[in-house]
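The structure comes first, and the notes follow by topic.

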Amino acid sequence: MKYLPLKPAIFIHNRERFTKQLLPNSIAIFVSNDEWPSNGDALHRFKQNSDLFWLSGIEQEDSMVILYPDNPDPKYREVLVLVRPNELKEKWDGKRLRAAEATAVSGIATVLWVDSLDALLQTWVHLADHIYLDSNENDRKASLIRSRDYRFIDEMKSRYPLHQFHRAAKIMKELRAVKTKEEVEVLQKAIDITDTTFRRLLKFIRPGVMEYEIEAEIWHSFLSNRATGPAYSSIIASGDRARTLHYVSNDQECKDGELILMDFGAEYGGYCADLTRTIPVNGKFTKRQKTVYNACLNIHNYCKTILKPGISVVDYTDKVGEKATEEFLKIGLLHKSDLKNEDPENRAYRKYLYHGISHHLGIDVHDLGTRTAPLKAGMLLTIEPGIYIEEEQMGVRIENNVWLTKTGNTDLMKNIPITAEDIEALMKK
């Protein structure tokens, strides 16, 4: 790993939170993600199962976490399972974790090798009354590929058909949505690296630069500051391409007079930052560009005042729609006649703001969390309104990451330049 070692207390605390939610005499088993083939004999870069990482901090493939709080043998109440180090394989693929190293990362004292697990696991399952297994219950899930966690569910139900099976994901969705102070400290590091990178870009961008050159600067800055890399595919969209929400081609020239929308964030210690800023390629907003930018910033700042514990994402989005309508009327995008007969299911402002305003953020960029239930203190969300004007070939989005607390919001990106004046001043330097 490129990042500095995290404190195992993060994962110890996470496991304590999870096991408190289990029924008596329950065993919970989490398996790592598959290694996905690319082409020929190549594999995609391995990405750990987010729930397993949240519980252990282990990024290695072929791993398992087994939690059985009522196991009669105390040393088996928390078990980390790893692939046994193999000298020949390590010559090809690199070093694998030893038991002491894995304990230092996770705080789990008992480490077993996967090739010696079967008999022990069978004994524990026979003792338990309930089995919790994990699956992907992210509401945004789109893939129907039967991944390792689903295959493991099939295997366990076939071997132990009379046990009571339960959804670990239902618990994880509640727990992971509420970030601990220790988690936010790691996420703040990812944000600080993203801040450093954005300031670097303000000095680098000029008319004639290619979008992919900007992306290269992002990679360079992230890796130079110990980030694993980008938390997601960076969006570097100049001119009219900014209206394409998931534009990742990043292969065009940034021209004088255009705005450039940049949506990027560092991954550090398994946690993701998610920043969007829109800046003038030549360092100076036109009058109209600044008008649109400030309208978007007004919506952004309004969002901060209402995104609080107790509101649902649905109700919050409705309120933001009212503010967006107000701002769009002011800058001439909407007229009162547009509002008279608007469709309540597709309101007039949606022509210029056609995406959600906030999503949960954490180990996953689109992290686990509810849309319909009231938000809770400890949740961490993005705030990212945008304005997309086809007839003006312009797109603006402004995004920060906000931690909801009992005493008010904490904008974790408060130090990142956001006003048009600050951006222009830094680009001028």
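Is Asn25 buried or exposed? Asn25 is buried, with a relative accessible area of 17%, where buried means under 20%, exposed over 50% and partly exposed in between (1.4 Å probe, protein chains only). This is a predicted model, in which local features need pLDDT of at least 70 and side-chain atom pairs count only at pLDDT 80 or more, while totals for chains, interfaces and linings use all residues. Residues are numbered from 1 along each chain as its sequence is written, and side-chain values use heavy atoms, with hydrogens and water left out.

- Most residues other than glycine have a negative phi.
- Asn25 is not a glycine, yet has a positive phi of about 55°.
- Asn25 sits in the loop between helix 1 (9-19) and strand 1; helices (H or I, at least four residues) and strands (E, at least two) are DSSP runs, numbered from the N terminus.
- Arg226, also not a glycine, has a positive phi of about 75°.
- The loop between helix 9 (211-224) and strand 7 holds Arg226, which is partly exposed at a relative accessible area of 41%.

**Pockets**

- Rolling a probe the size of a water molecule over the atoms shows where empty space is left.
- A pocket here is an open set of points on a 1 Å grid over the protein atoms alone, where a 1.4 Å probe fits, with protein on both sides within 12 Å along at least five of seven lines; lining residues have an atom within 4 Å of a point.
- Grid points are joined across faces, edges and corners, and a volume is the space filled by probe spheres set on the points.
- The largest pocket has a volume of about 1200 Å³.
- Its lining has 38 residues, and those closest to the centre are Asn33, Lys47, Ser50, Asn136 and Asp364.
- Helix 2 (50-56), helix 6 (148-159) and helix 7 (168-177) are the elements that give two or more residues to this lining, with helix 7 giving the most, 3 residues.
- By class, the lining of the largest pocket has 14 nonpolar, 11 polar and 13 charged residues; Ala, Val, Leu, Ile, Met, Phe, Trp, Tyr, Cys and Pro count as nonpolar, Asp, Glu, Lys and Arg as charged, and the others, Gly among them, as polar.
- The second largest pocket holds about 900 Å³ of space.
- Of the 32 residues lining the second largest pocket, Arg45, Phe46, Glu59, Gln60 and Glu61 lie nearest its centre.
- Helix 2, helix 3 (87-93) and strand 7 (229-230) each give two or more residues to the lining of the second largest pocket.
- That lining divides into 12 nonpolar, 9 polar and 11 charged residues.

**Salt bridges**

- Side chains of opposite charge can pair when their charged atoms come close.
- With a salt bridge taken as a side-chain nitrogen of Lys or Arg within 4 Å of a carboxyl oxygen of Asp or Glu, the count comes to 39.
- Asp240 and Arg243 form one of them, at 2.5 Å from N to O; Asp240 is partly exposed at 27%, and Arg243 is partly exposed at 22%.
- Glu327 pairs with Lys323 at 3.2 Å, N to O, and both are buried.
- These two lie in helix 11 (residues 313-330), 4 residues apart, about one turn of the helix.
- Lys330 and Glu326, also in helix 11 and 4 residues apart, form a salt bridge whose closest N and O atoms are 3.5 Å apart.
- Lys330 is exposed at 59%, while Glu326 is partly exposed at 36%.
- A network of salt bridges links Asp51, Arg176, Lys179, Asp364 and Asp367.

**Helix 5**

- Leu121, Trp124 and Val125 are buried in helix 5 (residues 118-127).
- They cover an arc of only 100° around the axis, so they are on the same side of helix 5; the arc is that of the directions from the helix axis to the C-beta atoms.
- Ala119 and His126, on the other side of helix 5, are exposed.
- The cover over the buried residues of helix 5 includes strand 1 (26-31), strand 5 (130-133) and helix 6.

**Ala377**

- Ala377 lies in the loop between helix 12 (336-340) and strand 13 (380-383), and is partly exposed at 26%.
- Leaving out residues up to four places away in sequence, Ala377 touches Val178, Pro309, Leu404, Thr405 and Lys406, where contact means heavy atoms within 4.5 Å.
- The C-alpha atoms of Ala377 and Asn409 are 9.1 Å apart, with the two residues 32 residues apart along the chain.
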